[in-house]
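The structure is shown first.

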Amino acid sequence: MLEDYLNNARAVLKAAGFSNYHNYRPYEDFDRWLNNDQAVVITLNGDDGTFYALYRASKVPGGELETSPNPVQSGTLQSLNAEKIAEMVRGFDTALVFPFKPSSAPETAPPKPQRLDLKKGARYRVSKEGSRLGRWEPHPSGGMIMKRVELPVGAEITFLGQNQGPGSDPGYVQTFSHGEETGDFWPTTVMGLGIEVGWLEAI
């Protein structure tokens, strides 16, 4: 059923003039350029059946592009229809990319996520619900399928190492073992740069 929702969302986006520029599952990115300096970006999440939309723009023509700090809209894949997409395109607003900040308030950079300093061969205990290991395996009918191992809070896993992930924009993956199972830990920080502090604790 989820694959049906994904296929429908892909078709609706392409019919609305969006192009797929990053299709490494579970996230698939589509964009539609309104001109050389503005674009609507919609990401499909094949893991939990949701989407979120961002706006991208430059302050000056031809300048460096920036992306809105928060999604301008999000929801389930089945709610992503032609009307909703048209509404997001019509409602493009650069104020959502460059939010107004009072001049009296000092401008401070958002705190960077703190990443765990992992040591190969060391054991770690899962601290949060929603943790899992995943690995790609061949599917009998062709292609690849993601095998997932859910990790309960308190589960103990061993760090096997870090490797560059697949895809056109791969980032890095951190591989662990849990009993007889192995896989890449999720969730990681943005772009797969590491695991954020709070998900695991050293044993």
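## Surroundings of Tyr21

Beyond its neighbours within four places in sequence, Tyr21 has contacts (heavy atoms within 4.5 Å) with Asp29, Phe30, Asp31, Val41 and Arg56. The C-alpha atoms of Tyr21 and Asp31 are 7.4 Å apart, although 10 residues separate the two along the chain. Tyr21 counts as partly exposed because its relative accessibility is 37%; buried means under 20% relative accessible area, exposed over 50%, and partly exposed in between (1.4 Å probe, protein chains only).

## Basis of the model

The model is predicted: local features need pLDDT of at least 70 and side-chain atom pairs pLDDT 80 or more, while totals for chains, interfaces and linings use all residues. Residues are numbered from 1 along each chain as its sequence is written, and side-chain values use heavy atoms, leaving out hydrogens and water.

## Helix α1

Helices are DSSP runs of H or I with at least four residues, and strands are E runs of at least two, numbered from the N terminus. The buried residues of α1 are Leu6, Ala9, Arg10, Val12 and Leu13. Viewed down the helix axis, these buried residues fall within an arc of 165° and so line one face of α1; the arc is that of the directions from the axis to the C-beta atoms. They pack against β2 (27-35), β3 and α2, whereas Lys14 and Ala15, on the other side of α1, are exposed. Gly17, with a positive phi near 90°, follows the helix.
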